[in-house]
Amino acid sequence: DDLFAAAAESAKLTRAPLAARLRPRTIDDVVGQSHLVGSGRPLRRLVESDRLTSALLWGPPGTGKTTLALAVAGTTSRAFEQLSAVTAGVKDVRETIERAQQRLGERGQGTILFLDEIHRFSKAPQDSRLPAVEDGTLTLSGATTENPFFEVNAPLRSRSTLFRLEPLEPADVETLVRRGLDAEGATAVDEAVGLLVERAGGDGRQVLTSLEVACALANYGTVLAEHVEAALGTSALRYGRDDHYDVISAFIKSMRGSDADAAVYWLARMLEAGEDARLIARRMVILASEDIGLADSRSLEVAVAAAHAVEHVGLPEAQLNLAHAAIHLALAPKSNRVASAISSARADVRAGATGEVPAHLRDGHYQGAASLGHAVGYEYPHDHAAGWVEQQYLPDQLVGRRWYEPSDHGAEGVMAADAPSRRHRSAEEYESSSDADAGDAT
């Protein structure tokens, strides 16, 4: 039976998709995720010492969660069993636990149970594993594309180490493409390889699937760009390294220039070319403070919300959130005074504009602080009807310096008009003002 089973497994493997055929046998063969499996990194150290405890592998599709679990199993001496939430239930889990108990009792061999798409298991199957995990009968390895803090039972999550997988870097994707070409006995021109890498979006499974189709279209000869285009199902846009920088620059400048149509157009160009949606979102978050700032503080909220949507929703649906944010940022009133303020303040600090913290602003929450004069004379703004009191907040030698100059654009102009008086005053003026106030009180 074992002979026939081995023959069937071998035959199945030769007919398997390229991504399955290239799955590594040990963690030394894993492509990418160097922050986990690189030399001296946590997952590698746990595996090599055979001290791996239950783990949750969390990351986007195609980043190698199943691949990594199989590689870990191949590196340790433990047995490996795999279940999928799509087909397995409580009965399957119980049978797996029984086999693990038998192995442990008969020959002292541990078992790794890999649960693919663990977030799709209901509460009952998740709970059914807890006793076996706690008593060491098996080591749980779960894979999920969803946030485990929301989708995995808290008791199970608390007993597992969380490992976050990141989208593959371009160099890692190219390594996969080269391995795939060798496995298929084909070659490819640089343009075809570059196109596959650019359009992969960090998804290793997707790029190998596209490569497999492209190799078939090339009759396992030389893969050309036209074969890759056909495999991807779309014509490739010209989007090389220069285009990456030029298009993102045009996108930012269109929003800064309040042209919503141009902003949406450049966003569409980037999405169609396979640009990293997280990079797009990051640039919008930066622009919200750099070019809009207090003229419309809601813009930062909108940009951050779009960035969260990219992480939790993903493309293609997140294109709506990105477009929403891009249009909002383009239409918002503009002010660069926040960026100017922090830039000029840091420049002055680097140039030596430093000074001692005024005594009344120092920490007074410890015994003996008052004897040093710390916090003595500090006026608590909330004790005053206006919620504000005039007092010195800068070091003596910097009183009167000003870094933030509000614009009159949007909400910033209103805020500046409503703010308490902040006219330039010297330290002597503050002191004179305090003396006058004391005289009035007398």
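A salt bridge is a side-chain nitrogen of Lys or Arg within 4 Å of a carboxyl oxygen of Asp or Glu. The structure is a predicted model, in which local features need pLDDT of at least 70 and side-chain atom pairs count only at pLDDT 80 or more, while totals for chains, interfaces and linings use all residues. Residues are numbered from 1 along each chain as its sequence is written, and side-chain values use heavy atoms, with hydrogens and water left out.

**Figure 1. Overview of the protein.** The secondary structure comprises 22 helices and 7 strands. Helices (H or I, at least four residues) and strands (E, at least two) are DSSP runs, numbered from the N terminus. Of the 442 residues, 39% count as buried; buried means under 20% relative accessible area, exposed over 50%, and partly exposed in between (1.4 Å probe, protein chains only). The accessible surface comes to about 24400 Å², and 51% of this surface belongs to carbon and sulfur atoms. Accessible areas come from the Shrake-Rupley method with a 1.4 Å probe; for residues, only the protein chains shown count as cover. Contact means heavy atoms within 4.5 Å. Among contacts between residues at least 6 apart in sequence, 72% join residues at least 24 apart.

**Figure 2. The salt bridge between glutamate 81 and arginine 99.** The closest N and O atoms of glutamate 81 and arginine 99 are 2.8 Å apart. This pair links distant parts of the chain, with glutamate 81 in strand E2 (residues 79-84) and arginine 99 in helix H6, 18 residues apart. Glutamate 81 counts as buried because its relative accessibility is 11%, whereas arginine 99, with a relative accessible area of 34%, is partly exposed. Side chains of opposite charge can pair when their charged atoms come close. The protein has 17 salt bridges by this rule.

**Figure 3. Threonine 96 in helix H6.** Helix H6 spans residues 90-107 and contains threonine 96. Is threonine 96 buried or exposed? Threonine 96 is buried, because its relative accessible area is 0%. A polar atom of its side chain lies 2.9 Å from the backbone oxygen of aspartate 92. Leaving aside neighbours within four places in sequence, threonine 96 is in contact with Glu81, Leu83 and Leu113.

Figure 4. Glutamate 184 forms a salt bridge with arginine 21, the closest N and O atoms being 3.1 Å apart. The two residues lie in distant parts of the chain, 163 residues apart: glutamate 184 belongs to helix H11 (residues 170-184) and arginine 21 to helix H2 (residues 18-21). Glutamate 184 has a relative accessible area of 12% and is therefore buried, while arginine 21 is partly exposed at 28% relative accessibility. Arg21, Glu184 and Glu212 are linked in a network of salt bridges.

Figure 5. Glutamate 48 and arginine 44 form a salt bridge whose closest N and O atoms are 2.8 Å apart. Why are glutamate 48 and arginine 44 separated by about one helical turn? The two residues are 4 residues apart in helix H4 (residues 42-48), which means that about one helical turn separates them. Glutamate 48 is exposed, with a relative accessible area of 53%, but arginine 44 counts as buried at 12% relative accessibility.

**Figure 6. The largest nonpolar core.** A nonpolar core is a set of buried Ala, Val, Leu, Ile, Met, Phe, Trp, Tyr and Cys residues joined through side-chain atoms within 4.5 Å. The largest core has 29 residues, of which Phe251, Met255, Ile280, Met284, Leu322 and Leu329 touch the most other members. At least two residues of this core come from each of helices H15 (241-256), H16 (260-272), H17 (277-292), H18 (298-312) and H19 (318-331). Helix H17 gives the most, with 8 residues. Apart from this core lies another, of 25 residues, among them Ala188, Ala214, Val223 and Val228. In soluble globular proteins, nonpolar side chains tend to be buried together.

**Figure 7. Tyrosine 366 and histidine 374.** Tyrosine 366 is placed in the loop between helix H20 (337-350) and helix H21 (410-418). Its relative accessibility is 38%, so tyrosine 366 counts as partly exposed. Not counting residues up to four places away in sequence, tyrosine 366 touches Leu372 and His374. The side chains of tyrosine 366 and histidine 374 make a polar contact at 3.0 Å. A polar contact is a pair of N or O atoms within 3.5 Å; within protein, one must be able to donate a hydrogen and the other to accept it, and residues adjacent in sequence count only if both atoms are side-chain atoms.
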